[in-house]
Amino acid sequence: YEFTSTTKATFRYVDKFQPLPWTVEVDGLCDHPTKFDLDDLYANFTFDERAYRHRCVETWAMCVPWTGFPLADLIAKVGPKAGAT
């Protein structure tokens, strides 16, 4: 399922997506500013697999698979300071 406008043209942008190298940087008001690449994320966090089921009274339904880790785990790892928002 594509969560886009009614044009359904998302496929035109897929070839430009480059997942590697890809990093997430957490800095600013935290005790442990860190930059994670994908390997770091897999090494430092426990990933869950979930299936979210959506149903509508208009008789449509879908199941959306999700793989990830709780944001609380990332927050605990970097230790935000009291003034962080």
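**Exercise 1. The hairpin.** Work out which two strands form a hairpin and how many residues lie between them.

*Solution.* Start with the elements: helices (H or I, at least four residues) and strands (E, at least two) are DSSP runs, numbered from the N terminus. Strand 3 and strand 4 make the hairpin, with five residues between them. Before going on, a word on the model: it is predicted, so local features need pLDDT of at least 70 and side-chain atom pairs count only at pLDDT 80 or more, while totals for chains, interfaces and linings use all residues. Residues are numbered from 1 along each chain as its sequence is written, and side-chain values use heavy atoms, with hydrogens and water left out.

Next, look at how the strands pair (DSSP must find at least two bridges between them). Strand 3 and strand 4 run antiparallel and share eight bridges. Pick out arginine 53: its bridge partner in strand 4 is cysteine 63.

Now go to the turn. Threonine 59 sits in the loop between strand 3 and strand 4. Its phi is positive, about 75°, although threonine 59 is not a glycine. For accessibility, buried means under 20% relative accessible area, exposed over 50%, and partly exposed in between (1.4 Å probe, protein chains only). With a relative accessible area of 76%, threonine 59 is exposed.

**Exercise 2. A residue in strand 4.** Find which residues valine 64 touches, not counting residues up to four places away in sequence.

*Solution.* First place the residue: valine 64 is in strand 4. Then apply the contact rule (heavy atoms within 4.5 Å). Valine 64 touches Arg50, Ala51, Tyr52 and His54. Last, valine 64 is partly exposed, at 25% relative accessibility.

**Exercise 3. Cysteines.** How many disulfides does the structure have?

*Solution.* A disulfide is a covalent bond between the sulfur atoms of two cysteines. The test is a pair of cysteine sulfur atoms within 2.5 Å. By this rule the count is zero. As for accessibility, cysteine 56 is partly exposed at 25%, and cysteine 63 is partly exposed at 45%.

**Exercise 4. Aromatic rings.** Decide whether the rings of phenylalanine 45 and phenylalanine 69 are stacked or edge-to-face.

*Solution.* Here's the rule: rings of Phe, Tyr and Trp (its six-membered ring) pair if their centres lie within 6.5 Å; planes under 30 degrees apart count as stacked, over 60 as edge-to-face and the rest as tilted. There are four aromatic pairs in the structure. For phenylalanine 45 and phenylalanine 69, the centres are 4.4 Å apart and the planes meet at 5°, so this pair is stacked. Phenylalanine 45 lies in the loop between helix 1 (38-44) and strand 3 (48-55), and phenylalanine 69 in the loop between strand 4 (61-68) and helix 2 (71-78), so the pair ties together parts that are 24 residues apart in sequence. Phenylalanine 45 is buried at 7%, and phenylalanine 69 is buried at 18%. Both also belong to one aromatic cluster with Phe36, Tyr42 and Phe47.

**Exercise 5. The core.** Which residues make up the largest nonpolar core?

*Solution.* A nonpolar core is a set of buried Ala, Val, Leu, Ile, Met, Phe, Trp, Tyr and Cys residues joined through side-chain atoms within 4.5 Å. The largest holds eight residues: Val26, Cys30, Phe36, Leu41, Phe45, Phe69, Leu74 and Val78. Zoom in on valine 26, in strand 1 (residues 23-26). Valine 26 is buried, with a relative accessible area of 19%. Leaving out residues up to four places away in sequence, valine 26 touches Pro33, Thr34, Phe36, Leu74 and Val78.
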